[in-house]
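Please read them with the structure open beside you.

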Amino acid sequence: MPRPPSQDTLNELKAAVGIGSWFDAPADLEPFVVDFRRLYRGATPLVLLPRDTAEVSKILAVCHRDEVAVVPYGGNTSYCGAATPDESGSQIVLSMRRLHHVRRLDAANFSMIVEAGCTLAEAQAAARGADRLFPLSLGSEGTAQIGGNLSTNAGGTAVLRYGMMRDLVLGLEVVLADGRVMSGLKSLRKDNTGYDVKSLFIGAEGTLGVITAACLKLFPQPADTATALVGVDSPQHALDLLGRLRCTAGDQLTTFELMPQLAVELTVKYVRGVANPLGQEAAWYLLIELTSPNPQENLAVLLTDQLQQAAVDTMIKDAMIATSIAQAMAMWKLRESVPEAQRHHGASLKHDISVPISSVPNFIEEGSALVHRLVPDGDVVGYGHLGDGNLHFNVSQRPGADAAAFLRRGEPLEHAIFDLVDRLGGSISAEHGIGRLKTAQFASRADPVELAVMRDLKGALDPKGILNPGKVLA
Ligand code: MLT
Ligand code: ZN
């Protein structure tokens with residue numbers, strides 16, 4: 001069990017990074033003790049800002065010896081409180097933001113080594129500078145850091161084509177709980193030497209080790225892109241179109257996002273500069289993007305043909321294909337502004353779930369019925385990554401409803417939604433992680449043997465329980 005740090009330990013930790021690389025004044029600590037959604041307010045005696053892996057190693061060696069808890073902290077965009085210290089005031093915060101270098105980019109190998117504190121946008125820009133693509137793409141990419149993306153196995157809007165963060169990793173450098181450095185920054189596509197140890201740290205939310213750098217896969221830059229906003233009557237029609245496009249466009253289908261009418265309405269209402277480009281209203285909207293590195297691919301023609309055929313088959317109601325970059329960007333802004341619009345609208349209950357793609361229409365129908373029954377003062381805003389079977393099945397407080405009463409309905413609703421997810425063979429956390437928020441639900445729903453394996457791994461890699469205690473496995 002970790003314990004509160006003594007003054008000697010705090011002094012030793014400060015010395016490990018040197019003057020200018022730590023905070024302990026209350027005003028400086030403030031941004032590090034509140035999570036993005038303001039669900040938690042913790043406390044910490046010290047924030048450390050190491051500059052390199054050697055300093056992270058020194059810090060963890062001291063914390064391990066003195067049994068002091070450490071909370072790794074990236075861009076603080078977690079929806080589940082994964083990077084926030086608890087209320088005890090005894091957990092040290094380890095900010096990774098000064099480890100922000102691109103160590104090496106090997107264009108011929110289609111790979112780059114970046115440090116954990118690089119923002120996702122910085123990593124994307126580095127790849128672009130070498131005429132390569134780093135394809136992970138999220139609304140929070142300007143703030144979210146690579147270490148956090150790895151630690152939550154982040155997803156986003158291009159998973160359909162490129163996979164999640166785990167799929168984009170070739171190697172990792174990780175500081176273990178006792179300060180030892182695992183130097184696994186290989187840049188190999190093929191390497192069958194023993195267990196895939198790096199994979200353990202991806203999605204572990206800083207509970208098994210602190211990722212300090214990663215070797216990431218790069219791809220060719222797209223040279224042809226076709227983007228469309230499409231209106232459909234039902235999730236089933238959306239699913240039918242997804243299947244058709246996967247068969248005709250193959251890997252060129254990069255994005256297939258679903259939004260209900262209410263999400264579009266709220267976004268147009270609250271977010272400046274957002275408009276609905278479709279001529280008529282639809283019950284559901286799709287943002288679809290095809291990309292190819294071949295500039296002669298004529299993707300706009302392919303997408304137009306497919307959408308025309310889908311209209312003839314009454315699969316879709318309306319569609320607009322972007323004819324300029326500005327139009328495509330406006331469509332993306334509509335999609336990416338949904339979370340912001342929901343924040344402006346009032347309180348919301350969030351469920352980041354996934355089910356087999358074929359079960360999404362069923363999930364939406366049954367899930368919406370649960371919301372109507374259990375949260376009569378809420379409206380479903382269930383949007384997300386249909387191409388991955390991942391919905392942000394959120395519920396927004398209806399205008400004028402009592403926020404406290406609305407929020408009290410969250411727990412029974414969450415149970416009912418997660419029961420439905422379990423029945424459909426889904427996941428209660430598709431891309432946002434477990435953090436602190438979902439530890440109880442995770443523990444009660446995970447396969448007991450798998451959970452026991454996870455606890456064994458935690459015990460083996462962090463025997464003193466100093467790494468991000470209270471997260472994932474509480
Ligand atoms: C998204 O897809 O927009 C995010 O993962 C969910 C959110 O920000 O609510
Ligand atoms: Zn998402």
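Contact, as used below, means heavy atoms within 4.5 Å. The model is predicted, so local features need pLDDT of at least 70 and side-chain atom pairs count only at pLDDT 80 or more, while totals for chains, interfaces and linings use all residues. Residues are numbered from 1 along each chain as its sequence is written, chains are lettered from A and ligands numbered from 1 in the order in which they are written, and side-chain values use heavy atoms, with hydrogens and water left out.

1. Let me start with Thr 53, which belongs to helix α3, residues 53-66 (helices are DSSP runs of H or I with at least four residues, strands runs of E with at least two, both numbered from the N terminus). Leaving aside residues up to four places away in sequence, Thr 53 is in contact with Leu 99, Arg 103, Glu 173, Val 175, Val 181 and Thr 212. Leu 99 is 46 residues away along the chain, with a C-alpha separation of 7.9 Å from Thr 53.

2. Thr 53 is buried because its relative accessibility is 11% (buried means under 20% relative accessible area, exposed over 50%, partly exposed in between, with a 1.4 Å probe and protein chains only). Its side chain also makes a polar contact of 2.6 Å with that of Glu 173 (a pair of N or O atoms within 3.5 Å; within protein, one must be able to donate a hydrogen and the other to accept it, and residues adjacent in sequence count only if both atoms are side-chain atoms).

3. Which protein atoms are the donors of the zinc ion, ligand 2? They are His 385 (NE2), His 392 (NE2) and Glu 431 (OE), at 1.9 to 2.1 Å (donors are N, O and S atoms within 2.8 Å of the metal, or 3.2 Å for Na, K and Ca; water is not among the atoms, so sites may look incomplete). The spacing of the donor residues in sequence is H-x6-H-x38-E, and His 385 and His 392 are both buried.

4. Now to ligand 1. For an N or O atom in the side chain of His 385, the distance to a ligand 1 oxygen is 3.1 Å.

5. Arg 38, not a glycine, has a positive phi of about 60°, and Asn 76 has one of about 55°. Most residues other than glycine have a negative phi. Arg 38 is exposed, at 66% relative accessibility, whereas Asn 76 is buried, at 14%.
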